[in-house]
Amino acid sequence: MKLRVATYNIHKGVTSFAGRPRILALKQALAQLDPDILFLQEVQGRHDLNALRHASNWPQQGQHEYLAGDTHHAAYGMNAVYDHGHHGNALISRFEIASIRNQDVSDHAYESRGILHCVVPVEGVEVHCYVIHLGLFAGGRRRQIDALIQAVSTSSPPDAPLLIAGDFNDWTNQLSRTLYQNLGVTEVFDQPQPNARGVMQGLRRLGGLSAPIRPARTFPAMMPWLRLDRIYVRGFRVETAEVLKDGPWARLSDHAPIVTELHLA
């Protein structure tokens with residue numbers, strides 16, 4: 001089984017400064033990317049003000065439904081709720097979504113965060129998908145990772161294929177080892193790949209050395225420097241992993257998306 005998986009913080013479908021709508025262009029770009037399973041953060045489920053202000057460039061449905069269209073299935077986890085709307089995480093899948101659960105893991109009143117857990121049957125195999133967007137403060141992120149570990153441990157079998165993806169806001173990379181040790185996952189850029197970096201990783205491992213965990217740089221999109229976005233896998237072999245930072249991807253959001261080709265191990 002081969003899967004094309006991507007994760008993307010879409011910044012609510014608007015530009016960072018002027019708030020101009022980008023959701024129509026996002027849909028076109030994602031259609032060309034053509035992932036089988038897409039993990040999305042900062043998805044606008046409803047925004048009455050933008051719907052009025054940008055009537056001709058704003059979908060009448062939630063962004064998760066709009067991006068899924070008629071060809072894909074969508075799940076939405078509403079996290080932040082305000083007078084004129086709400087936003088959260090979403091999963092868009094080429095395959096039917098068998099179950100959906102959204103868990104509130106907000107660490108304080110000023111950041112609403114959640115874990116969206118979806119079970120996606122792919123060719124008879126249940127793939128457990130967790131969409132995550134962690135908080136801005138290190139202490140809160142550690143507590144949210146503890147909640148994620150607990151959620152995965154109690155809601156998926158220990159040998160089930162696993163995908164955990166999203167915006168971890170973990171620019172100092174303090175959380176990967178914890179996930180590795182507790183869930184048996186690896187990050188897609190940490191698995192040896194058919195390129196120079198992958199060769200060096202393989203040589204280090206053959207020599208008994210521990211290769212450092214270095215997720216890709218994804219923020220800001222125009223000149224990625226911080227390592228915020230991740231895809232962790234269990235039960236999959238990584239064929240390729242790439243950050244998309246050229247062409248339209250540099251201006252569609254403040255984050256660059258990650259796309260990976262996976263094979264069921």
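I97 is located in the loop that joins β4 (85-93) to β5 (99-104); helices (H or I, at least four residues) and strands (E, at least two) are DSSP runs, numbered from the N terminus. The structure is a predicted model, in which local features need pLDDT of at least 70 and side-chain atom pairs count only at pLDDT 80 or more, whereas totals for chains, interfaces and linings use all residues. Residues are numbered from 1 along each chain as its sequence is written, and side-chain values use heavy atoms, with hydrogens and water left out.

With a relative accessibility of 18%, I97 counts as buried (buried, under 20% relative accessible area; exposed, over 50%; partly exposed, in between; 1.4 Å probe, protein chains only). Residues up to four places away in sequence being set aside, I97 touches H73, A74, A75, L91, C118, V119 and V120, where contact means heavy atoms within 4.5 Å.

Helix α4 (residues 138-155) and helix α5 (residues 176-183) have axes that come within 11 Å and cross at roughly 20°. Axes are lines fitted to C-alpha atoms, for helices over the stretch in contact, and angles run from 0 to 180 degrees between N-to-C directions. The crossing angle makes α4 roughly parallel to α5 (roughly parallel, under 35 degrees; roughly antiparallel, over 145; roughly perpendicular, 65 to 115; oblique, the rest). On the α4 side, the contact is made by I145, L148, I149, V152 and S153, and on the α5 side by T178, L179, N182 and L183.

In α5, the buried residues are S176, L179, Y180 and L183. Viewed down the axis of α5, these residues fall within an arc of 105° and so line one face of the helix, the arc being that of the directions from the helix axis to the C-beta atoms. The buried residues of α5 pack against α4, β8 (162-167), β9 (186-187) and β10 (229-234). G184, which follows α5, has a positive phi, near 70°.

A138, found in helix α4, is partly exposed, with a relative accessible area of 38%. The C-alpha atoms of A138 and L175 are separated by 9.7 Å, the two residues being 37 residues apart along the chain.
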